[in-house]
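Work through these exercises with the model open. Each task is followed by a stepwise solution.

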Amino acid sequence: MDTGDRAALAAFLRARRDALQPEDVGLPRGRRRRTGGLRREEVAALCDMSADYYSRLEQPRGPHPSEQMLAAIARGMRLSLEERDHLFQLGGHVAPRRIRRADHINPGMMRILERLEDTPAQVVNHLGETLRQTRTAVALLGDERAFTGWNRSLHYRWFTQPASRLIRPESDHAEHSRLLVADLHGAYARDGRNTRAGELVEELRTASAEFAALWDGHPVLGSSCAPKRFQHPQVGLLELHCQTLVDPDQAQRLLVFTAVPGTESHVNLRLLSVLGEDARP
């Protein structure tokens with residue numbers, strides 16, 4: 001494998017760091033900040049790596065970065081897909097295929113999410129895999145990023161793990177099942193059979209008779225968005241509206257949950273924002 005161009009990689013990282021502003025990544029500017037751009041230690045924290053490792057990449061005297069490290073940098077520095085591909089090439093790796101699985105979150109969507117910290121909001125891909133959550137979303141739904149394999153998909157968990165249904169009132173289960181199957185039908189129609197969407201459908205048809213029966217009925221999503229009900233273990237029943245922002249290639253969605261002001265659900269949702277992740281037992 002090509003070892004890449006370390007000098008060009010270092011120059012690219014410095015240029016992108018200089019171009020990023022604290023507000024772009026949800027950081028306070030602070031009165032003592034005299035220059036534009038981010039500090040190395042700030043970028044390192046965003047990329048979940050040590051400041052020393054990142055600094056050596058910029059100097060350049062660091063180790064040959066792995067694909068995982070480059071992916072972390074692309075996410076942390078909010079690179080566009082084109083910038084991400086360029087980063088991988090400079091690092092001596094083949095750029096990831098641009099398939100609709102993309103765990104690389106659209107930078108604009110990330111900026112919006114970071115301004116919603118007190119609101120239940122999360123980014124999910126077209127297979128129901130949660131890529132990012134606000135702390136209030138974790139308080140409401142649990143940490144959906146902790147799952148691995150097919151369990152990353154809400155669609156898969158709903159039809160194979162009975163515990164995943166506890167968050168919804170039992171009277172809503174049948175309709176929620178239909179909506180999940182209709183959603184996956186849309187992903188399958190766009191992606192085709194020989195994709196991860198096709199694999200997920202086959203896994204679910206084998207694992208769940210309920211899913212198989214619903215799938216064969218070809219349900220289609222309607223245009224209306226009725227309130228969604230959640231049964232929370234600490235604050236009780238919440239009736240929430242879900243606003244959805246879809247990214248340009250329809251691979252990911254930003255889901256934002258709100259309650260009607262003046263209702264009991266609105267009061268309890270504000271309580272969840274205060275409790276944060278401690279609201280989940």
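**Exercise 1. Count the aromatic pairs in this predicted model, then classify the one formed by Phe159 and Phe211.**

Step 1. There are four aromatic pairs in the structure.
Step 2. For Phe159 and Phe211, the centre-to-centre distance is 5.3 Å and the planes are 75 degrees apart. Angles over 60 degrees count as edge-to-face. The pair is therefore edge-to-face.
Step 3. Now place the rings. Phe159 sits in helix H8 and Phe211 in helix H11 (residues 209-216), so their pair ties together parts 52 residues apart in sequence.
Step 4. Check burial, with the cut-off under 20% relative accessible area. Phe159 has 8% and is buried. Phe211 has 1% and is also buried.

**Exercise 2. Which geometry does the pair of Tyr188 and Trp215 have, and which helices hold the two residues?**

Step 1. The ring centres lie 5.4 Å apart, with planes at 90 degrees, so this pair is edge-to-face.
Step 2. Helix H9 holds Tyr188 and helix H11 holds Trp215, so parts 27 residues apart in sequence are tied together.
Step 3. Trp215 counts as buried, at 7% relative accessibility.

**Exercise 3. Describe the largest pocket: its volume, its lining and the helix or strand that gives the most to it.**

Step 1. The largest pocket holds about 1400 Å³ of space.
Step 2. It is lined by 50 residues; Leu154, Arg168, His176, Leu180 and Lys228 are the closest to its centre.
Step 3. H9 gives the most to this lining, with nine residues.
Step 4. Sort the lining by class: 21 nonpolar, 16 polar and 13 charged residues.

Terms used: Residues numbered from 1 in each chain as written. Predicted model: local features only at pLDDT ≥ 70, side-chain atom pairs only at ≥ 80, totals over all residues. Heavy atoms only, no water. 1 Å grid on protein atoms, 1.4 Å probe; cavity = no way out; pocket = protein on both sides within 12 Å on 5 of 7 lines; lining within 4 Å. Points joined across faces, edges and corners; volume = space filled by probe spheres on them. Helix = DSSP H or I, 4+ residues; strand = E, 2+ residues; numbered from the N terminus. Nonpolar A, V, L, I, M, F, W, Y, C, P; charged D, E, K, R; others polar. Phe/Tyr/Trp six-rings, centres within 6.5 Å; stacked < 30°, edge-to-face > 60°. Buried < 20%, exposed > 50% of the residue type's maximum accessible area, 1.4 Å probe, protein only.
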